[in-house]
Amino acid sequence: MKFVIITHVKHIAKKDLFFGYAPYVQEMNIWFKYVDEVIIVAPLSNNNKPTAIDLPYDHNKIVFKKVPNFSFTSFINILSSVFKLPIIFWKVFLGMKNADHIHLRCPGNMGLVGCLVQILFPKKNKTAKYAGNWDPKSKQPYTYKLQKWILSNTFLTHNMKVLVYGDWKKQSKNIKSFFTATYSESEKEIIQKTSFNDVIEFIFVGSLVSGKNPLYAIELIQKLIRKNYKVTLNIYGEGLERVFLENYILKNNLETAIILHGNQNKKEIKKAYKKSHFVILPSKSEGWPKAITEGMFWGCIPIASKVSCVPFMLDYGKRGILLEMNLNKDLHQIESVIVNQNDFVNKSALATNWSQKYTTKFFETEIEKLLAK
């Protein structure tokens, strides 16, 4: 089978390998186990130095079709995109024409192009992974809504399974509730968390950008410190807000309790989850929040905002804390778990049991079914 991916993920070429964002590449490598040849239509960076959060694709027959970056965020970008789009559409068309199975990664600019071009290939087998928030009631950019409309319109979109996060009512027949997996069956362990007597450990994993809201996590920890709780917050990730967060931490004398670790590899993040009591993500928008499911896998109680499928993942508060995005109310929720050790143990066990169902083995079985059709 010849398999084409249309994606906005930026890639790095080094020697004969193509690198991309590790969680995405890790997932795609599972798809690749069931295909003979891979065509990737995506942007390629001029940088040839992969970072700690990059991984190479694992397949011996990859054809990479480079397309230019484009966006519609400013007048200059729109003007530039007008000249780039004919080339991009043509390369996407050729990639799809030469493939047996079409796979789209949405939402994104390349995903939108892919959504439009796939209409021309009604008889080919197709899948689309919508990694954003599929909640029909959520506020989203127009281009995201357009992608969702095309993908769920069975008049325009034929022979496609659209994989979305969460189980939503009144969906077209081609929409399939799905998930993402990080850890294998063999990595499962019996989790035993330390008591709160020494220090209560929180972890935040994600980009340091306003959308992930790392400042809110810091403010919650700050309030706990003021109430004389012994707490730490380890923050993993990089982003535009790093300098602002560093200054906030210094200005408020929080540097002994809140540590910015930057980007780290999977092994280091795994160690951090295992010693943490809580994983926190007060994000403004999510698809399937990987940091939350990974933390739950290692017994961390998730503290997350009520976006996308998060309420479902946390069983509406039974296996975690759903943030109200009000500091005093959310502080009270966290305190109630801290002072009640039995509640912590119960929620931690429920979180672990749920997350450990979604292993890479289970994920691979579901991918194999999709490609067999």
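I looked up cysteine 106 and found it buried, with a relative accessible area of 2% (buried means under 20%, exposed over 50%, partly exposed in between, with a 1.4 Å probe and protein chains only). The model is predicted, local features need pLDDT of at least 70, side-chain atom pairs count only at pLDDT 80 or more, and totals for chains, interfaces and linings use all residues. Residues are numbered from 1 along each chain as its sequence is written, and side-chain values use heavy atoms, leaving out hydrogens and water.

I then checked for disulfides (pairs of cysteine sulfur atoms within 2.5 Å) and found zero. For cysteine 106, the closest cysteine sulfur is in cysteine 115 at 4.0 Å, too far for a bond. Cysteine 309 is also buried, at 2%; its closest cysteine sulfur, in cysteine 106, is 17 Å away, again too far for a bond.

Next I traced an open sheet of six strands with parallel pairing, in the order β13-β12-β11-β14-β15-β16. Strands are DSSP runs of E, at least two residues, and helices are runs of H or I, at least four, numbered from the N terminus; two strands pair if DSSP finds at least two bridges between them. β13 (258–262) and β16 (321–323) are the edges, each with a single partner strand, so one side of each has no neighbour in the sheet.

I looked at β11 (200–205) and β14 (278–281): they run parallel, joined by two bridges. Isoleucine 203 stands opposite valine 279 in β14.
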